Amino acid sequence: MRWITRDSVIRCDHDGRVSNQPSQRWVTLAGVPALVADDPLGRPVAACPNYGATVKPCTKTEPVAVGYSHWIRVDGRPVVLSHLEGFTDGSPPGQVTYRVRDPRQRFVGADR
């Protein structure tokens with residue numbers, strides 16, 4: 001597993017882009033801030049193509065289900081790892097997930 005940074009690619013099941021907004025800036029990988037808990041929570045999802053009369057596109061992320069390190073912390077908060085997964089607010093409710101598609105860094109890895 002790899003650490004997740006601001007530049008990592010996180011997408012919903014429909015291929016909408018999750019906006020990575022790091023809440024800390026002092027731990028970086030090649031100059032890019034690492035994400036820590038709760039960074040993926042409540043982030044905007046852009047360009048989700050899942051829409052229609054009775055369909056809600058993904059617009060934000062819900063709480064993380066898995067993806068935080070059990071051992072590595074930054075300022076007391078677990079780092080986000082590449083096995084990240086959680087739900088979005090898109091329809092059908094409680095079934096659309098977001099996941100890491102590309103960590104965009106190959107330098108730093110970790111076991112859960």
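Predicted model: local features only at pLDDT ≥ 70, side-chain atom pairs only at ≥ 80, totals over all residues.

Mentor: Residues are numbered from 1 along each chain as its sequence is written, and side-chain values use heavy atoms, with hydrogens and water left out.

Trainee: Which pattern does the chain follow when read along the sequence?

Mentor: Helices (H or I, at least four residues) and strands (E, at least two) are taken as DSSP runs, numbered from the N terminus. Counted in that way, the chain holds 0 helices and 8 strands. Read along the sequence, the pattern is therefore β-β-β-β-β-β-β-β.

Trainee: What is the radius of gyration of the chain, and how does the globule rule bear on it?

Mentor: The radius is taken over C-alpha atoms, and the globule rule is 2.2 Å times the number of residues to the power 0.38. For 112 residues that rule gives 13 Å, and the chain comes close to this value, so it is as compact as a globular protein of that length. Along its principal axes the C-alpha trace spans about 45 × 25 × 20 Å. The radius of gyration of the chain is 14 Å.

Trainee: Among contacts between residues at least 6 apart in sequence, what percentage join residues at least 24 apart?

Mentor: A contact means heavy atoms within 4.5 Å. Among contacts in the chain between residues at least 6 apart in sequence, the share that joins residues at least 24 apart is 63%.

Trainee: How many disulfides does the count come to?

Mentor: A disulfide is a pair of cysteine sulfur atoms within 2.5 Å. The sulfur of Cys-12 has its closest cysteine sulfur in Cys-58, and at 3.9 Å this is too far for a bond. Cys-48 is in no disulfide either, its nearest cysteine sulfur, that of Cys-58, being 3.8 Å away. By this rule the count of disulfides comes to 0.

Trainee: Is Cys-12 buried or exposed?

Mentor: Buried means under 20% relative accessible area, exposed over 50%, and partly exposed in between (1.4 Å probe, protein chains only). Cys-12 has a relative accessible area of 0%, and Cys-48, at 10%, also counts as buried. On that scale Cys-12 is therefore buried.

Trainee: Which residue forms a salt bridge with Asp-89?

Mentor: A salt bridge is a side-chain nitrogen of Lys or Arg within 4 Å of a carboxyl oxygen of Asp or Glu, and the closest N and O atoms of this pair are 2.9 Å apart. Asp-89 lies in the loop between strand S7 (77–88) and strand S8 (97–102), and its partner in the loop between S5 and strand S6 (61–74), so the pair ties together parts that are 33 residues apart in sequence.

Trainee: How many salt bridges does a search of the whole structure find?

Mentor: Among them is the pair of Asp-39 and Arg-43, whose side chains meet at 3.6 Å, N to O; Asp-39 counts as buried at 2%, as does Arg-43 at 15%. Another joins Arg-11 to Asp-15, with the closest N and O atoms 3.8 Å apart. The number of salt bridges found in the whole structure is 10.

Trainee: Which residue does a cis peptide bond join to Ala-37?

Mentor: Omega of this bond is about 0°. The residue in question lies in the loop between strand S4 (32–33) and strand S5 (45–46), and at 47% relative accessibility it counts as partly exposed. Leaving aside its neighbours within four places in sequence, it is in contact with Tyr-68 and Arg-77. The residue joined to Ala-37 is Asp-38.

Trainee: Where does Arg-104 lie, given that its phi is a positive value in a residue other than glycine?

Mentor: Phi of Arg-104 is near 60°, and Arg-104 is exposed, with a relative accessible area of 54%. Ala-30 likewise has a positive phi, near 55°, and it counts as exposed at 67%. As for its place in the chain, Arg-104 lies in the segment after S8.
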